Structures are given as C-alpha cells and as structure tokens.
Amino acid sequence: MSSAAARLATAADNASSEAQSLVMDMRKALNSMKSLAVDFERAGKPDKVKRLEEEVLELMASYEDCAHLAEAVKDVPGAYQPSDQTTDFKKLIEAEVNKVKGTSRVSGDSQRLLRQFREAVWDVHHAGQPMPGDEQEDVVMTSTQNIILNVKCPITLKPVIELTNPVRCQDCRHIYDKDAIIDYIRRNKAPKCPVAGCPKALPHVARIVCDSYLLMEIEELRSSGPGATNASDVEDILDDEEDLVDDDEDGDN
C-alpha cells in the first residue's frame, strides 16, 4: 500500500469512527426521548408527547444520514482511483453513500426505533392491545422483539451488558465473549454456535466480529433497566425553550 493510500485509509477510518460516535449519541437521545414521552403520556401531557414525536422524526432523518455516511466512508479507499486529475472526494463519498443506501439496514433500523417510540407511548394506556393498523393478520413482527437474541454469553454465562469484548456472529447474530468464543472455535472441529438449538456453523473467526451496531444495542439494553431519564428534568428544558420562543416573538412585535 502506497503512503497516499495508507493516509486515505487512516482518514477514512477516523471519519467513520467520528460519524459512528455521533450515531451512538443519536441512538441514546432517541431512547431518552422515548422514556420522556412515556412519562409525559402518563402525566396526561399529549402536547408534549406530540412535540417529542415531531423531534424524533427530525432526529431520525439525521440519524439515517449519519449512519449511511459512517458505512460509506469506510468504502472510499477501495473506490479511490489515483490519477493525474484532482479527485473530487465529495462526489466520491456521495456515490458510496448512494450505494450504501441500497444495501444498508439503517432504514429498517430507524423505522424499528420509531415504532418502538410509538409503541411505548401506546402501551401506557393500551397495554396488551394492538396499535391502530396492527389488527391485520399479516402483521407478524413488532419492534418489541429485541434485536439482541441472547442476553448471556452461552459459554461464560456472563450477561452481555457486562462483557468487556462482546462479539457477534454475522450469520446467526448470537453474541459471545470474544476470548471465550475464539477459544471455543479453536478447540472444536467443525464448531457450531454454542447457543442451544442454533444450527449455524462457526467455520471462521473472521465471521465473529464486533459490528458497528452491537455496542449501541448493548448500551440500549443496559439503559433500559433502572435509572431511566427523569422527564421532569427535561420538561424544565422544554419549558425554557418555550420561554425563549415567547421572548423572540415579543421582540419581533
């Protein structure tokens, strides 16, 4: 690899990491907003719930753009073709983003997050009842199904939220402690996933990775326990924002 290519690869990795960090922050914000919406719904404040949903939709659009960028930037070094002409990297990145949009799971993921928001609010007063539009028999899956398939490593039996180096099989999507699963694969001939009932083979350590979404999903599982954000704290912030809007309107008059 030439020095220029190496520099480009390093820059792409750094840019992707920064975008991925922002995506994680957005996911955290979306989960906090969901918790707040539930508290507002319980408190009989539908106007604040509606306002939060509008803000969720806006944040969701930014989330998709940033997530697509995080994936696309990693592919730029491979798409780059050295030439005597100055490379238009903006156009190159846009082309990779468009490719990613056709194959990425981001859009489906964001729709699941939006449905989780609406389901959580709905369940405050209608727990156990289908959401409007879900009465049809062809609705076979809801967002309440957890993306994390196993909450404990099948080898160490340690909860995934306590794993220092969690990894996931790209084929069956089960999660393991990294050292434990690597040792398991090396000690067994033709190893299969150690999760009971899973028929998937684990032929290559390369298929066991910490993918870009795993840490976010584990953090969401961790934050879904006790200690959720208090709505009253953010309600004060929302009220302050309303006061600022009122002040601006007064100043315009």
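## Briefing on a predicted helix-and-sheet chain

The protein chain holds 8 helices and 3 strands, where helices (H or I, at least four residues) and strands (E, at least two) are DSSP runs numbered from the N terminus. This is a predicted model, in which local features need pLDDT of at least 70 and side-chain atom pairs count only at pLDDT 80 or more, while totals for chains, interfaces and linings use all residues. Residues are numbered from 1 along each chain as its sequence is written, and side-chain values use heavy atoms, with hydrogens and water left out. Along the sequence, the elements of the protein chain follow the pattern α-α-α-α-α-β-β-α-β-α-α.

**The chain as a whole**

- Of the 253 residues in the protein chain, 34% are buried, a class defined as under 20% relative accessible area, with exposed meaning over 50% and partly exposed lying in between (1.4 Å probe, protein chains only).
- Among the contacts in the protein chain with a separation of 6 or more, 66% are made by residues 24 or more positions apart, contact meaning heavy atoms within 4.5 Å.
- The protein chain exposes about 15300 Å², of which carbon and sulfur atoms supply 51%; accessible areas come from the Shrake-Rupley method with a 1.4 Å probe, and for residues only the protein chains shown count as cover.

**Packing of helix α1**

- The axes of helix α1 (residues 3-42) and α2 come within 9 Å and cross at roughly 165 degrees, with axes taken as lines fitted to C-alpha atoms, for helices over the stretch in contact, and angles running from 0 to 180 degrees between N-to-C directions.
- Helices α1 and α2 are therefore roughly antiparallel to each other, given that angles under 35 degrees count as roughly parallel, over 145 as roughly antiparallel, 65 to 115 as roughly perpendicular and the rest as oblique.

**Two residues of helix α2**

- His-68 lies in helix α2 (residues 46-73) and, at 4% relative accessibility, counts as buried.
- Leaving aside neighbours within four places in sequence, His-68 is in contact with Val-97, Val-100, Lys-101, Ser-104, Val-106 and Ser-107.
- Leu-57 is also found in helix α2, but at 40% relative accessibility Leu-57 counts as partly exposed.
- Not counting residues up to four places away in sequence, Leu-57 touches Leu-114 and Arg-118, and the C-alpha atom of Leu-57 is separated by 9.6 Å from that of Ser-110, 53 residues apart along the chain.

**The sheet and the helices on it**

- The 3 strands form an open sheet with antiparallel pairing in the order β2-β1-β3, two strands being paired if DSSP finds at least two bridges between them.
- Strands β2 (175-177) and β3 (208-209) stand at the edges with a single partner strand each, so one side of each is left without a neighbour in the sheet.
- Strand β1 (residues 166-169) is joined to β2 by 3 bridges, with Asp-177 in β2 as the bridge partner of Pro-166.
- Strands β1 and β3 pair in the antiparallel sense over 2 bridges; Arg-168 has Val-209 as its bridge partner in β3, and Cys-169 stands opposite Ile-208.
- Pro-166 and Arg-168 point one way from β1 and Val-167 and Cys-169 the other way, and all are buried.
- Helix α6 (residues 178-187) lies across β1, β2 and β3, running at about 95 degrees to β2, and helix α7 (residues 214-223) packs on the sheet, touching β1, β2 and β3, with its direction at about 115 degrees to that of β1.

- Arg-173, in the loop between β1 and β2, has a positive phi near 75 degrees and counts as partly exposed at 26% relative accessibility.
- The hairpin of β1 and β2 that contains Arg-173 has 5 residues between the strands.
- Ala-190, in the loop between α6 and β3, has a positive phi of about 50 degrees although it is not a glycine, and at 73% relative accessibility Ala-190 counts as exposed.
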